[in-house]
2 protein chains.
Amino acid sequence: MKKLINDPVDFVPESVEGFVAAHGDLVAFHADPLYIVRADAPVSGKVGIVSGGGSGHEPLHGGYVGIGMLDAAVPGAVFTSPTPDPILAATKVVDGGAGVLHIVKNYTGDVLNFETAADLAAADGIEVRAVVTNDDVAVKDSLYTAGRRGVGGTVLVEKIAGAKAEAGGSLDEVAGIAEKVNDNVRSMGLALTPCINPNDGQPSFTLAEDEVEVGIGIHGEPGRERIKIESADSLVDRLIGPIIEDLPFVSGDRVLLFVNGMGGTPLSELYVVYRHAAKVLADHGIAVERSLVGNFITAIDMQGASITVLKLDDELTALWDAPVQTPALRWGR
Amino acid sequence: MKKLINDPVDFVPESVEGFVAAHGDLVAFHADPLYIVRADAPVSGKVGIVSGGGSGHEPLHGGYVGIGMLDAAVPGAVFTSPTPDPILAATKVVDGGAGVLHIVKNYTGDVLNFETAADLAAADGIEVRAVVTNDDVAVKDSLYTAGRRGVGGTVLVEKIAGAKAEAGGSLDEVAGIAEKVNDNVRSMGLALTPCINPNDGQPSFTLAEDEVEVGIGIHGEPGRERIKIESADSLVDRLIGPIIEDLPFVSGDRVLLFVNGMGGTPLSELYVVYRHAAKVLADHGIAVERSLVGNFITAIDMQGASITVLKLDDELTALWDAPVQTPALRWGR
């Protein structure tokens, strides 16, 4: 295994330590139990937003802690849910008196541990709501999930709910907008290579030199089908088709198109993917009004990409456009 | 070769087309000759800034076209200098009457072709100055370069010169600040893997399963030495040591620390690198006052990283902090 790591046991805490050292103007961290928190938490009177899950998907979730997005992120070990203890601690730290929203990707361990933490927080008098993201159209159930997996759409839920909270929305309103994003977003991804987990140095699965796994999750869990490599445009057709059919997206819709890299794919290839996905949407009469392209929810060093499409309305567009200052996503005005 | 591409011949133009489709609020492009230009170019009375070079280093340079950074970027074929023709065309398009600065990485082909374009632009009455970046401390001469290579420091030159131009600086002032950044910045990188060029599907060099190339350039050209894999901290010592010695950086200096990924390395590992680099600098009494971590100047899908350190003063810090809105680097206030 060739990776820029020291002892694999120290990988997550050392990475978090470096992350917070680099972005100390925006974020802080607590070492034991481990969580990342907005530097000015708690923000009095603001709904707090906490997300988290196994590490290995960076910049998700720590990279989205900051102004206008998350108040805290709880990283587990690589591809392993955090326990309820750090989730509870983070929930308490970000509670500014207006309640706390948990944004949870639909993986069985995450859902259970966030539920336990929410129950414990409620016993301490903190009002907690949870939104479980499940935007992956590829498979109904998978290796780690009952129901659809939460994948790329999670980034959009976090951005838009974060903007609503920053604007002073109530817990009901922030949870409501998060549900609205989740209801209107669909994703699907593919892998050209497995990823190498730093814990054991082993590939997450095997794939022949000319094979692609279509419909993959963010851990390398199996997808819909394994096929021979095709042109980028053909591969994009295999992703965008099921996405459009699922909601369904229809002519006249306005959308945000998000092309995400799985960690090891160059940005230049993601733009080749974007080009064709945007064309297919245009052919369906669907207007791409906002875009996001880059490595935002990854599977360590996997080569591959996912496509996410969110149906926009004026409310979602305004919240998407709102200023955000986090280590991984930022813009002002 | 497994890549998200169509016909390799179309790779660069299709990627540029997707890039501009995704970021049409900031950038536009011209297809033949191929260049990327700020959407509102030319900006009357502002010094125009043009950079460029072979493709394969994305987001450099196209990703830095926008408000507060570059006015145009000229992408050649992968790892191949653009010819003078598109450089000249881009120079003419961004000329707002205050002259044009060329920012050129020190690679022989780039230097020659930008010089030719500058001569042709001068013949058309456009005042052009050039700054050649050469921040790589690893080797004196290399496969494609006489003198030191221009690597990670180029990103910082583009940001800071861009801020000076946006603030209304004259051509002398903008060129002067670009030279000042280049004089005060040093870099060094390493590769864990070669990159695969989409033109031929071949690795740029061979490296055994347990080997690392230290002092690599951004095309996979040879570095200082080939060693067995070590811990991240030991590898960082091999990069940061020569950087500190070279300027030299001394106790009491204030610096910007930039940890760059070569395209295929996960962000989480870059933060492990950042953590130790910041510690070594602190041990030398050098204060890290600004940071940048991510994939900003890459070698296609190479796994590896580079470290860049820029000595700051109040002037450089203020220009670094100035708002910037480009596809790949953005923050406001």
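This is a predicted model: local features need pLDDT of at least 70, side-chain atom pairs count only at pLDDT 80 or more; totals for chains, interfaces and linings use all residues.
Colleague: What symmetry relation do chains A and B have?
Modeller: Two copies of a chain are related by a rotation about an axis and a shift along it. Here chain B can be laid on chain A with an RMSD of 0.0 Å. The turn is 180 degrees and the shift along the axis is 0.0 Å. That is the relation of a two-fold axis.

Colleague: Do the copies meet through the same surface or different ones, and what percentage of interface residues tells us?
Modeller: Take the interface residues of chain B and look for them in the interface of chain A. The copies meet through the same surface, because the share found in both is 100%.

Colleague: Which residue of chain B forms a salt bridge with A:Lys3?
Modeller: Side chains of opposite charge can pair when their charged atoms come close. For A:Lys3, the closest N and O atoms of the pair are 3.5 Å apart. The pair crosses between chains, from the segment before helix H1 (11-22) of chain A to helix H7 of chain B. The partner is B:Glu269.

Colleague: Are A:Lys3 and B:Glu269 buried or exposed?
Modeller: The cut-off for buried is under 20% relative accessible area. A:Lys3 has 5% relative accessibility. B:Glu269 has a relative accessible area of 2%. So A:Lys3 counts as buried, and B:Glu269 is buried.

Colleague: Where in chain A do A:Glu225 and A:Arg238 lie?
Modeller: These two form a salt bridge, with the closest N and O atoms 3.2 Å apart. The pair links distant parts of the chain, 13 residues apart. A:Glu225 is in strand S9 (residues 225-228), and A:Arg238 is in helix H6 (residues 232-246).

Colleague: How exposed are A:Glu225 and A:Arg238?
Modeller: Both are partly exposed. The relative accessible area of A:Glu225 is 34%. For A:Arg238, the value is 29%.

Colleague: Which residue forms a salt bridge with A:Asp233?
Modeller: A:Asp233 sits in helix H6 of chain A, and its partner lies 42 residues apart in helix H7 (residues 267-283). Both residues are buried. The closest N and O atoms are 4.0 Å apart. The partner is A:Arg275.

Colleague: Which residues are linked with B:Asp233 in a network of salt bridges?
Modeller: B:Asp233 is one of the buried residues of H6(B). Its network takes in residues of chain A and chain B.

Colleague: What distance separates the end C-alpha atoms of helix H6 of chain B?
Modeller: H6 of chain B has 15 residues, 232-246. At 1.5 Å a residue, the helix should span 21 Å. The value in the model agrees: 22 Å.

Colleague: Which elements cover the buried residues of H6(B)?
Modeller: Those buried residues include B:Leu235, B:Val236, B:Leu239 and B:Ile243. An α-helix has 3.6 residues a turn, so residues three or four places apart point the same way. The cover includes strands S7 (185-191), S8 (211-214), S9 (225-228) and S12 (304-311), and helix H7 (267-283).

Colleague: Which side chain makes a polar contact with the side chain of B:Asp135?
Modeller: B:Asp135 is buried yet has no salt bridge. The nearest side chain of opposite charge, B:Arg186, is 8.0 Å away, and the cut-off for a salt bridge is within 4 Å. The backbone nitrogen of B:Gly153 lies 2.6 Å from a polar atom of the B:Asp135 side chain. The side-chain polar contact, at 2.6 Å, is with B:Ser187.

Methods:
Residues are numbered from 1 along each chain as its sequence is written. Chains are lettered from A and ligands numbered from 1 in the order in which they are written. Side-chain values use heavy atoms; hydrogens and water are left out. Buried means under 20% relative accessible area, exposed over 50%, partly exposed in between (1.4 Å probe, protein chains only). Lys and Arg count as positive and Asp and Glu as negative; His and the chain ends are not counted. A polar contact is a pair of N or O atoms within 3.5 Å; within protein, one must be able to donate a hydrogen and the other to accept it, and residues adjacent in sequence count only if both atoms are side-chain atoms. Copies are superposed by least squares on the C-alpha atoms of residues with pLDDT of at least 70 in both. Contact means heavy atoms within 4.5 Å. Helices (H or I, at least four residues) and strands (E, at least two) are DSSP runs, numbered from the N terminus. The expected span of a helix is 1.5 Å times one less than its number of residues.
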